[in-house]
Amino acid sequence: MAPDLRALTVLSQHHVPFVVIGGHAVNAHGVLRATEDTDVVWLRSRESEGNLLRALVAIDAHYIGNEIDPATGIERTYPVTEAFVRASRLMMLCTSVGFLDLFDYVPGFPHESARTIWESAMEIDGLPEMPPVSMALSS
Amino acid sequence: MGDPQRPPARTRRLMVAGKPPAEPAFTLFAYTADMSTDADISAEPNLRPRDRALRAHGLALSPRERLVEMQRLIDEAWALLEKNPAGKAHFLKRNFKARRIPSTQEPPANGT
């Protein structure tokens with residue numbers, strides 16, 4: 001069995017600089033548990049915004065509005081756009097590969113540079129179809 | 001106005017042969033200092049060895065093996081959800097509700 005890291009693979013393929021936090025990182029560091037989504041801190045720049053948008057389009061990423069769709073009984077979703085990526089410091093998305101949360105800051109430390117999390121991250125290689133992935137413990 | 005001499009309804013129900021019971025039929029239960037309380041009844045002592053064993057198991061694996069183990073847990077959870085359509089619907093509803101943003105406004109600049 002291989003871990004399902006398709007969301008991370010797509011980010012890597014599109015050269016988005018990121019560190020994994022949340023459940024995946026907690027597991028990688030030794031605390032085994034299930035998780036419902038993939039949490040990522042990414043480094044924002046004009047170039048990475050474009051790369052991220054292309055990655056999100058590739059996995060059919062949508063953000064979730066607050067209007068209920070009568071057909072499904074749950075909230076309507078909307079495809080991510082360039083304006084959305086530029087304006088949102090936190091994107092909580094549903095994608096074709098599961099829920100994906102993207103932070104351009106370290107949760108709990110919104111005023112610190114996202115780069116600080118790279119210092120506490122450990123690199124994991126040997127993952128299928130992707131370069132080494134950095135995983136950090138975060139709040 | 002009711003008969004002031006008539007016993008209250010609760011007492012009437014407890015009457016035996018038309019007479020109230022000599023002793024109260026029940027007493028209010030009250031905690032005293034020497035009784036155990038919910039705070040004393042904890043699973044914590046039993047959970048610690050389990051947590052230690054799980055932690056040791058996790059640390060004995062490589063990071064990649066831990067992610068494989070995580071995937072096994074996720075797959076098991078999904079299998080349970082697939083067997084329970086109401087549970088799956090609740091899962092999706094809860095996640096969508098937690099992740100929604102006002103769709104009539106610009107996306108939040110500082111997160112939700």
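This is a predicted model: local features need pLDDT of at least 70, side-chain atom pairs count only at pLDDT 80 or more; totals for chains, interfaces and linings use all residues.

Biologist: How many helices and strands does chain B have?
Modeller: From the N terminus on, the elements of chain B run α-α-α-α. That makes 4 helices and 0 strands.

Biologist: What share of the residues is buried in chain A, and what share in chain B?
Modeller: A residue counts as buried when 20 or more other C-beta atoms lie within 10 Å of its own. Of the 139 residues in chain A, 40% pass that test. For the 112 residues of chain B, the share is 9%.

Biologist: Which residues have the most contacts inside the largest nonpolar core?
Modeller: In soluble globular proteins, nonpolar side chains tend to be buried together. Here the largest nonpolar core has 45 residues. Those with the most contacts inside it are A:Leu11, A:Val19, A:Val40, A:Val41 and A:Leu93.

Biologist: Which residues does A:Val19 touch, leaving out those up to four places away in sequence?
Modeller: A:Val19 is among the residues with the most contacts inside the core, and A:Val41 is on that list too. Beyond its sequence neighbours, A:Val19 touches A:Val41, A:Ile117, A:Trp118, A:Ala121, A:Ser134, A:Met135 and A:Ala136.

Biologist: Which residues of helix H1 of chain A are buried, and where on the helix do they fall?
Modeller: Helix H1 covers residues 6-13 of chain A, and its buried residues are A:Ala7, A:Leu8, A:Val10 and A:Leu11. Seen down the axis of H1(A), they fall within an arc of 160°, so they line one face of the helix.

Biologist: Is A:His15 buried or exposed?
Modeller: A:His15 sits in the loop between H1 and strand E1 (18-21) of chain A. Its phi is near 60°, a positive value in a residue other than glycine. A:His15 has 12, so it is exposed.

Biologist: What about A:Asp60: how does it count by its C-beta neighbours?
Modeller: A:Asp60 lies in the loop between helix H3 (46-58) and E3 of chain A. Although it is not a glycine, it has a positive phi of about 55°. With 14 C-beta neighbours inside 10 Å, A:Asp60 counts as partly exposed.

Biologist: Which residue is the bridge partner of A:His62 in E4(A)?
Modeller: E3(A) and E4(A) run antiparallel and are joined by 4 bridges. Their hairpin has 6 residues between the strands, and A:Gly73 there takes a positive phi near 80°. In E4(A), the bridge partner of A:His62 is A:Pro79.

Biologist: Which residue in E5(A) stands opposite A:His62?
Modeller: E3(A) also pairs with E5(A): 2 bridges join these strands, which run antiparallel. In E5(A), A:His62 stands opposite A:Cys94.

Biologist: Which element gives the most to the side of chain A that touches chain B?
Modeller: Across the two chains, 33 residues of chain A are in contact with 32 residues of chain B. Helix H2 (22-28), strand E3 (62-68), strand E4 (75-79), helix H4 (82-87) and strand E5 (90-95) of chain A each supply at least two residues of that side. By class, the side has 18 nonpolar, 8 polar and 7 charged residues. The element that gives the most, with 5 residues, is E3(A).

Biologist: How far apart in space are B:Ala86 and B:Pro102?
Modeller: B:Ala86 is found in helix H4 (residues 85-99) of chain B, and with 8 other C-beta atoms within 10 Å it is exposed. In sequence, B:Ala86 and B:Pro102 are 16 residues apart. In space, C-alpha to C-alpha, their separation is 26 Å.

Conventions. Residues are numbered from 1 along each chain as its sequence is written. Chains are lettered from A and ligands numbered from 1 in the order in which they are written. Two residues are in contact if their C-beta atoms, placed from the backbone, lie within 7 Å. Ala, Val, Leu, Ile, Met, Phe, Trp, Tyr, Cys and Pro count as nonpolar, Asp, Glu, Lys and Arg as charged, and the others, Gly among them, as polar. A nonpolar core is a set of buried Ala, Val, Leu, Ile, Met, Phe, Trp, Tyr and Cys residues joined through C-beta atoms within 7 Å. The arc is that of the directions from the helix axis to the C-beta atoms. Two strands pair if DSSP finds at least two bridges between them.
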